[in-house]
Amino acid sequence: VQTCALPIWRDALEWILDAAVAHPSLNPVGEVELLLVVHRIADVASGLYRYEPDGARLVLLRKADLRGQLVRSCLGQDKVGRCAVAFFGVGNLQRASETLGDRMYRDLLIEAGGIGQRIYLAAEAAGPTARNLAAFRDDALNRLLDLDG
């Protein structure tokens, strides 16, 4: 999910994140992590972040302008380079399989869908628009987000 092409305020981003994942009952599996590629958020450096809902913290993983790499990873779709922030819901398959067994994959998809829906609703309520982007190159996006695939 991405939000608008205009810069947005940090408090709007924090409100969107809080709505998306802050309450544990909204995320019963608890194994979907939010990664953000920030381009234009007031008072937040461009780069890759992990959101930690327990402390409502953005943790900087890599400070960099990632617009070009993100556009290439997303099959040249330039809207992902124009957005203020791009959200990525990443499931931890190993940990989820230990607790959920055969239901793991389905439950992760349901949880990720709920998080995405709440990002959409909160972004629309806060002012920015939200759009999804589902076309990407797995390996390129895994490298960008520092994922093991």
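This report walks through a predicted model, from its strands to its pocket, a helix and a loop residue.

## Ground rules

Residues are numbered from 1 along each chain as its sequence is written, and side-chain values use heavy atoms, with hydrogens and water left out. Because the model is predicted, local features need pLDDT of at least 70 and side-chain atom pairs count only at pLDDT 80 or more, while totals for chains, interfaces and linings use all residues.

Helices (H or I, at least four residues) and strands (E, at least two) are DSSP runs, numbered from the N terminus.

Start with strand β2, residues 32-38. Six of its seven residues are buried, so the strand is largely enclosed by the rest of the structure. Buried means under 20% relative accessible area, exposed means over 50%, and partly exposed lies in between (1.4 Å probe, protein chains only).

Two strands pair if DSSP finds at least two bridges between them. β2 runs antiparallel to β5 (residues 85-91), with seven bridges joining them. Here Val-32 has Gly-91 of β5 as its bridge partner. β2 also pairs with β3 (residues 47-52), again antiparallel, over five bridges. On that side, Leu-35 is bridged to Arg-50 of β3.

## The largest pocket

Rolling a probe the size of a water molecule over the atoms shows where empty space is left. A pocket is an open set of points on a 1 Å grid over the protein atoms alone, where a 1.4 Å probe fits, with protein on both sides within 12 Å along at least five of seven lines; lining residues have an atom within 4 Å of a point. The largest pocket holds about 1,600 Å³, the space filled by probe spheres set on grid points that are joined across faces, edges and corners. It has 49 lining residues, and Val-32, Phe-88, Gly-89, Val-90 and Gly-91 are the closest to its centre.

Helix α5 (104-126) is among the elements that supply at least two lining residues. Its share, nine residues, is the largest.

## Helix α1

Helix α1 covers residues 10-21 and reaches 17 Å from first C-alpha to last, close to the expected 16 Å. That expected span is 1.5 Å times one less than the number of residues. Its buried residues are Ala-12, Leu-13, Ile-16, Leu-17, Ala-20 and Val-21.

## A loop residue

Ala-135 sits in the loop between β6 (130-131) and α6. At 28% relative accessibility, Ala-135 is partly exposed. Leu-75 is 60 residues from Ala-135 in sequence, yet their C-alpha atoms are 6.7 Å apart.
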